[in-house]
Amino acid sequence: TTLEPSNSQELYQLLNGKVSEGIAALAATMKEVNADMGAASDHLWLMGRILMVVMGVISLLVAIVTLLFLRDARKKLTDSILIPVEEIHRASQDMAEGKLNLTLTYESSDELGELSADLKKSTGITRDALLDMGQTLEKVASGDFTSSTQHPELYVGDYESIKDYLDMTVAVLIVTIAWECFMIPNGMSAGGLMGLCAVIEYATGGVIIASYSYFVINVLLIGLAVIAFGIGFGARTLYCILLQTVMLKLFALPGMQWMQAVPGNFFYIPEKVMIPVIAGVLEAVGIGLTIRKGGSTGGTDIIALIVNKYWPVSLSKMFLITDFFIITSILFLPGKMFGDMVYGYIMMAAYALVIDYVVVGDRGAVQLLVFSSRNREIADYIIYKMDRGVTVLKAVGWYTKQEKDVLLLLMRRNEVPEVSKKIKELDSSAFMTVNPVGGVYGEGFEEIKAGISSRKNKKDGNA
């Protein structure tokens, strides 16, 4: 469409006027908006930079705090492990150097604390045991031959063997005193290997002293002990034999003559008949203690123990049989009379009377017969409280012609006081007899001894 000049002029004026003014206003507005956006953007950028700095600082502080905490925690953890370990290590080094007075201060409920407590306890027991052994040996050295350990509770586990060897040392010393202080200085002999060795010493004019022959003969017999009782018994017997050989030699030295029971010395006894009595008691105590600890001084003791192991023959009977021939042999020596043989039998009698009590002690068995109207209560107490068996025997009282139950009991000698007290408590009018028995074999007492041949036949039958 073609515009008229007049219309074009009007349109131009319209566009140039109002539209142009609108556009200018819009442009001005856009400039203001752009300026505002720029200012806002600069503000946001500045805030972002500030936030980044703040976050960086916070992160740095957190990192520093974390590092400090980790370092402190590491130090505490290291100290909690290294300090007790170093303390235990130093204590172990002290033990290796023989220092038993340890100062372990670390206490805790963890594994290291338990290790520290166990180490402290074990060294304490070892220290106290060594001190106890030293005190015991000092008492023996001062002449107190009846001394033994005063603290048996220290010797537990493997330490029990130490106590056994300490007791055997004292026992061997007692046997040595019996011979070198009483019998040999007075020209007396008796049973056992020591009696034979004394006869050999008298026969050779002192050329072959008792300690030499004692050792040589025992070397031959020690093999039998190992076969019969195992290496444990053989080791203890070997220890006793070697120790007594040394002690016999030491007591035979001139410097020890002051201990001999001869005129002019402190142990001299005018009544000569008392010398074998005292010597017999001393030897029984010494050998009895040695046997109770699983050892032996060798000689005829080994033969008697082997027989007693397989046959129910008391030790006293075995010693009587073997000693008879040894004691009689003194009559073949020049100058020896019937009285010298009698002295040997006196020592043997004293020895035989004491040895069973020393070896068996309170372990000996007794048989009880109980007559009471309250047998049921007594029997229940013995069965359920003392864990012993009871046998009921039917009996008739001839005076009353009434049937009664009699309780038959077998128990250790040291259990009798408890039974007696209970019976008196339940029935004060009860009647009871107590009889010692030669031996009780079976459950709850000694093992049944049927002899070597029977054991061998049993094995052959099982094969």
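Biologist: What should I know about the model before we start?
Modeller: This is a predicted model, in which local features need pLDDT of at least 70, side-chain atom pairs count only at pLDDT 80 or more, and totals for chains, interfaces and linings use all residues. Residues are numbered from 1 along each chain as its sequence is written, and side-chain values use heavy atoms, with hydrogens and water left out.

Biologist: How many helices and strands does the protein chain have?
Modeller: It has 12 helices and four strands. Both are DSSP runs numbered from the N terminus: helices are H or I with at least four residues, strands are E with at least two.

Biologist: Why is Phe325 called exposed?
Modeller: Its relative accessible area is 60%. The classes are buried under 20%, exposed over 50%, and partly exposed in between, with a 1.4 Å probe and protein chains only. Phe325 therefore counts as exposed. Phe325 lies in helix α8, residues 315-328.

Biologist: What share of the protein chain is buried?
Modeller: Buried residues make up 35% of its 463 residues.

Biologist: What makes a group of residues a nonpolar core?
Modeller: Its members are buried Ala, Val, Leu, Ile, Met, Phe, Trp, Tyr and Cys residues, joined through side-chain atoms within 4.5 Å. The largest one here has 39 residues. Trp179, Phe182, Met183, Met194 and Tyr214 touch the most other members.

Biologist: Which elements give two or more residues to this core?
Modeller: They are α3 (159-183), α4 (192-203), α5 (210-251), α6 (274-292) and α9 (338-360). Helix α3 gives the most, with 10 residues. Apart from this core lies another, of 15 residues, among them Val366, Ile382, Met386 and Val419.

Biologist: Why might nonpolar side chains be buried together?
Modeller: In soluble globular proteins, they tend to be.

Biologist: What does Tyr214 touch, not counting residues up to four places away in sequence?
Modeller: Its partners include Leu193, Met194, Cys197, Ile241 and Leu248. A contact means heavy atoms within 4.5 Å.

Biologist: What share of the contacts with a separation of 6 or more joins residues 24 or more positions apart?
Modeller: In the protein chain, that share is 66%.

Biologist: How do you know that Glu415 and Arg388 form a salt bridge?
Modeller: Their closest N and O atoms are 3.2 Å apart. A salt bridge needs a side-chain nitrogen of Lys or Arg within 4 Å of a carboxyl oxygen of Asp or Glu. The pair therefore meets the definition. Both Glu415 and Arg388 are buried.

Biologist: Which parts does this pair tie together?
Modeller: Glu415 lies in the loop between β3 (402-412) and α11 (416-426), and Arg388 in the loop between α10 (375-384) and β2 (390-397). The pair ties together parts that are 27 residues apart in sequence.

Biologist: How many salt bridges does the structure hold?
Modeller: It holds four. One of them joins Glu425 and Lys422, with the closest N and O atoms 3.5 Å apart. These two residues are three apart in helix α11, so about one helical turn separates them. Glu425 counts as exposed, at 55% relative accessibility.

Biologist: Why are Glu377 and Arg374 called partly exposed?
Modeller: Glu377 has a relative accessible area of 34%, and Arg374 has 32%. Both are therefore in the partly exposed class. Their side chains meet in a salt bridge at 3.5 Å, N to O.

Biologist: How do you know that β1 and β3 pair?
Modeller: Strands pair if DSSP finds at least two bridges between them. Strand β1 (residues 365-371) and β3 have seven, in the antiparallel sense. Ala365 has Arg412 as its bridge partner in β3, and Val370 has Leu407.

Biologist: Which other strand pairs with β1?
Modeller: Strand β4 (residues 431-436) does, antiparallel over six bridges. Leu369 stands opposite Thr433 in β4.

Biologist: How many bridges join β2 and β3?
Modeller: There are eight, again antiparallel. Gly397 stands opposite Gln402 in β3. The hairpin of β2 and β3 has four residues between the strands, and Lys401 takes a positive phi near 60° there.
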